[in-house]
Amino acid sequence: MSPRGQAARAMPQPAEPPVRRPTVQDVAREAGVSPSTVSRALHTRGYASPAVRARVQAAAERIGYVADHNARNLRSRTSTSIGVLISDLRNPFYADLAAGIEEELRAAEYQMVLVNDNGDPAEEMQAAETLLAMRVPGVIVTPVTAKCPQVLQDNGVHVVCADRELGRSNSDVVLSDNKAGALELTEHLIALGHTRIGMLIDETKWSTGAGRLAGFRAAHLDNGLVMNEDLIAYTSFDANAARQTTRRLLNDHEVTAIISANNVLAQGALAELKDRRVKIPRQISLAAYDDVPWMSLVQPALTTVDQSTVEMGRSCARLLLARIRGELPAKRRIVKVPARLIVRGSTGPVPR
């Protein structure tokens, strides 16, 4: 190759110009309307006739227009994004909660920014700082510590705590009626003749666990039974730990039924009973708080308390949006979603 050819080959090629995104003005020209009409038609705020709205939407699709929410937020100094901080997206409970929240937010034209903090206080605070930087007007959180909702509120963000309440807070709260649900579940077992009922529980400092333990105790008291405190088996929020705790409970005590305080603990309890080849419910009854899909698929299917988790998520979103719109008085709200007992094949009469 000649030196001239080598020099030409070594010369840098001009960069391709960046692809230009269609703008509101482009949609307006395509649809034959003004830019303000495009904004009203695409964002459903303000009036546009159905015919004009359809024409604008068709024009936007033809030229590939996508709304720039960040630019709109900067212009209005507000955000249409809502932060959602949850503890474990792999757990069906939190996935259903997020699904209910997203459904309600989407209908109100808000976007959900979902963060999985893995139940870790440091990750939760880091996520809160990120959401503050995004200038979100509201956050729904399943709090790991009381600090997170407090920091958000101190910075002018509306907060709804979902599923649990930690300490004294000014945040609105949406909860399952934990005490009533656990009481009904325990009374179901007592009605079957069980008086030696073990309870697997991972925490009682949050309102969730505290309410379920309170319902368990209340059922014994209401039915004139003396409860053996040794049958309350404390464990951690982990299926393997719950399995080992179930093993110790069965080795050390004679129980005819076990209640697991949530779906993760139920996994561990069921695994231990299956490993021991215990016949459910002929030899021991097993029940759980927090119905998730796998519980109806195993044999026998588990008797559970359904928290109506998707509806809980919807309630959180509705409450938060009402706060953002200024539709509620300043006083905090505590919303309790009714729990529902579902009786299946895993509970039966006490063994003779």
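Burial went down in my notes to start: of the 352 residues in the protein, 47% are buried. I keep in mind that this is a predicted model. For the accessible surface I have about 18,000 Å², with 52% of it belonging to carbon and sulfur atoms.

Next I looked up the secondary structure and found 13 helices and 12 strands. I also checked contacts between residues at least 6 apart in sequence: 68% of them join residues at least 24 apart.

On to a helix pair: how do H9 and H10 cross? I have H9 (residues 178–191) and H10 (residues 207–222) with axes that come within 7 Å and cross at roughly 40°. That angle makes H9 oblique to H10, and I noted the crossing as right-handed. On the H9 side I listed residues including Ala182, Leu183, Thr186 and Ile190, which meet H10 residues, among them Gly211, Ala214, Gly215 and Ala218. By class, I wrote down 7 nonpolar, 7 polar and 4 charged residues for this contact.

Then I turned to H11 (residues 239–252) and H12 (residues 263–275), whose axes are 7 Å apart at an angle of about 50°. H11 and H12 are therefore oblique to each other, and H11 passes H12 in a right-handed crossing. My class count for H11 with H12 reads 8 nonpolar, 3 polar and 4 charged residues.

Methods
Residues are numbered from 1 along each chain as its sequence is written. This is a predicted model: local features need pLDDT of at least 70, side-chain atom pairs count only at pLDDT 80 or more; totals for chains, interfaces and linings use all residues. Side-chain values use heavy atoms; hydrogens and water are left out. Axes are lines fitted to C-alpha atoms, for helices over the stretch in contact, and angles run from 0 to 180 degrees between N-to-C directions. Helices (H or I, at least four residues) and strands (E, at least two) are DSSP runs, numbered from the N terminus. Angles under 35 degrees count as roughly parallel, over 145 as roughly antiparallel, 65 to 115 as roughly perpendicular and the rest as oblique. A crossing is left-handed if the near helix is turned anticlockwise from the far one by less than a right angle, and right-handed if clockwise. Ala, Val, Leu, Ile, Met, Phe, Trp, Tyr, Cys and Pro count as nonpolar, Asp, Glu, Lys and Arg as charged, and the others, Gly among them, as polar. Buried means under 20% relative accessible area, exposed over 50%, partly exposed in between (1.4 Å probe, protein chains only). Contact means heavy atoms within 4.5 Å. Accessible areas come from the Shrake-Rupley method with a 1.4 Å probe; for residues, only the protein chains shown count as cover.
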